[in-house]
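Here are my notes on this model, point by point. Please keep the structure open as you read.

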Amino acid sequence: MFTAFLIKYAEIGVKGKNRYLFENALVQQIKYALKKCEGEFVVRKTDGRIYVDAVSEFDYDETVSGLAKVFGISGICPMIYVEDEGFEKLGQAIVSYVGKVYPDKKKTFKVAARRARKNYPLNSMEMNMELGGMILDAYPEMRVDVHKPDIMLNVEVRDKIYIYSEMIPGPGGMPVGTGGKAMLLLSGGIDSPVAGWMIAKRGVKIDAVYFHAPPYTSERAKQKVVDLAKKVAAYTGPIYLHVINFTDIQLYIYDKCPHDELTIIMRRYMMRIAEHIAKETECLGLITGESIGQVASQTMHSLMATNEVCELPVYRPLIGFDKMEIVEISEKIDTYETSIQPYEDCCTIFVAKHPVTKPNLNIIRKHEKHLDEKIEELVQTALDTDEVIIVR
Amino acid sequence: MEVYLDNSATTRCFDEVARLMHQIMCEDYGNPSSMHHKGVEAERYLRYAKETLAKLLKVNEKEILFTSGGTESDNIALIGTAMANHRRGRHLITTRIEHPAVLQPMAYLENQGFMVTYLPVDHEGKISLTDLERAIRPDTILVSIMHTNNEIGTIEPIAEAGALIKRMNPQTLFHVDAVQGFGKFRIYPAKMQVDMLSVSAHKIHGPKGVGFLYIRENAKVNPIIYGGGQQKGMRSGTENVPGIAGLAKAAELIYEHLDEDMDRMYGLREMLIRGAGRIDGVKVNGCPGREGAAHIVSLSVRGIRSEVLLHALEEKEIYVSAGSACASNKPQTSATLKAIGVEKALLDSTIRFSISIFTTEEEIRYTIQALEEIIPMLRRYVRH
């Protein structure tokens, strides 16, 4: 029955002179999301609001879940339009609306009329009273509550009359593309997709890098990462996924450095490579899924050791999160099921039984010197053979 | 050189089979139940397939039931028998090294209140007839034993088991999962006193999604799929005509030169076992020589995880499987390897090579060479 949606946005509203930029980005993102939905839509910006009008038959559930993935939207209100054919007709329309949307009538309600067109014969107060009365006549079980109604029935007099009462929450945040771009270090785990999602939610466009170590990690492990990127891309738009072959670098480190420092040194090279690609692709920062103390390479000491090789800021949105909190978000954004598929990623294959948890930077730097002979060449080869997969 | 050595997982389809199926899908596509000419034509393919398969097994064509493959055949044999005979008894016997297509229905039946005895096997994967004899009871309604093990290629003593079962309890039905054995051996269920036999097409260069179950006439088995009453009500659903015709054609072709083909495959197997066995820390699982199937070689490689070795071979375009591919996309340790007593450190270090009639000597030589190169290289990098 609904034919349109009123899109509510939270934070954009408070932006000053840049407001139009945010609104335009949001309109763009909404159009992008709707492309995947059955039906044709017009997205319009009028009176400081964004409306989505369906101009053909459309799949309501698909459309709502598509819109619910657009960052910047705080709420989606399904709406109907009524032509202004006199107050009597409007009353009938409202009564029929309530009849259809609320099969269970044991509810309290309030009519909230608003007139953008002030020449309407009744004023807002009169409309509220008259329409409320008609509803009570039609459905005697319903009660009016002007303070905390179950149903807030919005009636807006504009070019047509707009009626809406429900709001489906959106993901919040800001439209992707308003905040620059960042490079996500994406593994196959639970954390990194969530980290990427969280930063993207603040309006940041995301690209990603994955370190592949054949034959130690399988093609299915890589497919899993592509699948994860796809899940995140449902929110962020297309992701350029860089697949870096890391095997030779890893084996070289294994040959030359103490094994309990393997993970730290390996991660330092991952950061270096990720930063290199980030800079080349105009990213303004790196994103990782690290959270303090989760594993040996994520202690404060280890984070300091991996952090020091980068110039770009490293965003770690999960830094203070517990695993359960991360799992909760990953379930919400539908990456959890994919993340727990049992394919090994390159971080775990050579991991020592007791990796250092408090690496000493001076010692790490000294041991990295052992790699001087060949490491630059290996890193260069890895960068040269970067495979870019566009994930949408 | 691409070397496909995962033929126990599935095989390349015979060109002739694919051509025949294409013709049936695009030209002779009628529904065998239709009354018009197109239907009659389709039915003719079914009849021909039944005749072909019945002849190969030396059974009556009424005793062939087409299914969607090995798994469904096993399910009908187990669950269908249990449902039809539960008033007579609620005890079943199988082995510890069966395919999940047998073990899982057994687990289901256990949940339904049936009792299942799992026979142990020796270090080569063979059951003991004494164990079997001891396990058979007056209320045993079914014994299910695989013909050829899918992970290590061991052949079970089917004829001896058949004779023993019928001597101990003539009422007990005997099911054999011959998914890995059909097309490698001449199998005559009637002579072996087998009541039911499962076969899959895609293991013998036929198409996926089709197979059959031999059910001896008068064996009491209930259907597990109900509907339009096709195949005398035993398995409803429009028959997979192209698949069934492909299955029969593949069976015909595979048995055409069986003896020469098997001699050649045993030669290749021997070559691979010798070549790989020479490499330090490599152990061959299962039965040597003609005691084992011609197409399966199981190797345990100390110190290297099977998944890593598999992918390293893959880089050289050699395709093998870790344990049993049908069930091994989840990294679980294999029940078969455990049952034959493979030591714990080697459970996750075992890979399976399986050859087919298309495998060449050159491919095996290339594979041995690759193993000689890869194994020492991978051993340098291990977890600590």
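How many residues of chain B are in contact with chain A? The count is 11 residues of chain B against 12 residues of chain A, where contact means C-beta atoms, placed from the backbone, within 7 Å.

1. **Ground rules.** This is a predicted model: local features need pLDDT of at least 70, side-chain atom pairs count only at pLDDT 80 or more, and totals for chains, interfaces and linings use all residues. Residues are numbered from 1 along each chain as its sequence is written, while chains are lettered from A and ligands numbered from 1 in the order in which they are written.

2. **Chain A overall.** Chain A has 13 helices and 15 strands. These are DSSP runs, numbered from the N terminus: helices are H or I with at least four residues, strands are E with at least two. The radius of gyration of chain A is 27 Å, well over the 21 Å from the globule rule for 392 residues, so chain A is more spread out than a compact globule. The radius is taken over C-alpha atoms, and the rule is 2.2 Å times the number of residues to the power 0.38. Along the principal axes, the C-alpha atoms of chain A fill a box of roughly 85 × 35 × 35 Å.

3. **Domains of chain A.** Domain 1 of chain A covers 4-169, and domain 2 covers 181-391. Such bounds come from an automatic or database domain assignment. The C-alpha centres of these two domains of chain A are 44 Å apart.

4. **A cis bond in chain A.** P214(A) and P215(A) are joined by a cis peptide bond, with omega about 0°. P215(A) sits in the loop between β11 (205-212) and α6 (219-236) of chain A.

5. **Chain B overall.** Chain B holds 12 helices and 13 strands. Its radius of gyration is 21 Å, close to the 21 Å that the globule rule gives for 384 residues, so chain B is as compact as a globular protein of that length. The C-alpha trace of chain B spans about 65 × 55 × 35 Å along its principal axes.

6. **Domains of chain B.** Domain 1 of chain B comes in two pieces, 3-11 + 257-379, and domain 2 is 15-256. Their C-alpha centres lie 27 Å apart. Each domain gives 28 residues to the contact. On the domain 1 side, α8, β10 (296-301) and α10 (335-339) of chain B each supply at least two residues. The largest share, four residues, comes from α10(B). That side divides into 12 nonpolar, 14 polar and two charged residues.

7. **α8 and α12 in chain B.** Helices α8(B) (258-277) and α12(B) (361-379) pack at about 15°, with axes 10 Å apart. Axes are lines fitted to C-alpha atoms, for helices over the stretch in contact, and angles run from 0 to 180 degrees between N-to-C directions. The two helices are therefore roughly parallel. The cut-offs are under 35 degrees for roughly parallel, over 145 for roughly antiparallel, 65 to 115 for roughly perpendicular and the rest for oblique. L268(B) and M271(B) of α8(B) are among the contact residues, as are I364(B) and I368(B) of α12(B). The contact has seven nonpolar, two polar and one charged residues.

8. **α9 against α12.** The axes of α9(B) (306-315) and α12(B) come within 10 Å and cross at roughly 135°. That makes α9(B) oblique to α12(B). V308(B), L309(B), A312(B) and L313(B) of α9(B) meet A370(B), I374(B) and L378(B) of α12(B). By class, this contact has seven nonpolar, no polar and no charged residues.

9. **A positive phi.** Which value does phi take in H205(B)? Phi of H205(B) is near 70°, a positive value in a residue other than glycine. H205(B) lies in the loop between β7 (196-200) and β8 (211-215) of chain B. Most residues other than glycine have a negative phi, and most peptide bonds are trans.

Key. Two residues are in contact if their C-beta atoms, placed from the backbone, lie within 7 Å. Ala, Val, Leu, Ile, Met, Phe, Trp, Tyr, Cys and Pro count as nonpolar, Asp, Glu, Lys and Arg as charged, and the others, Gly among them, as polar.
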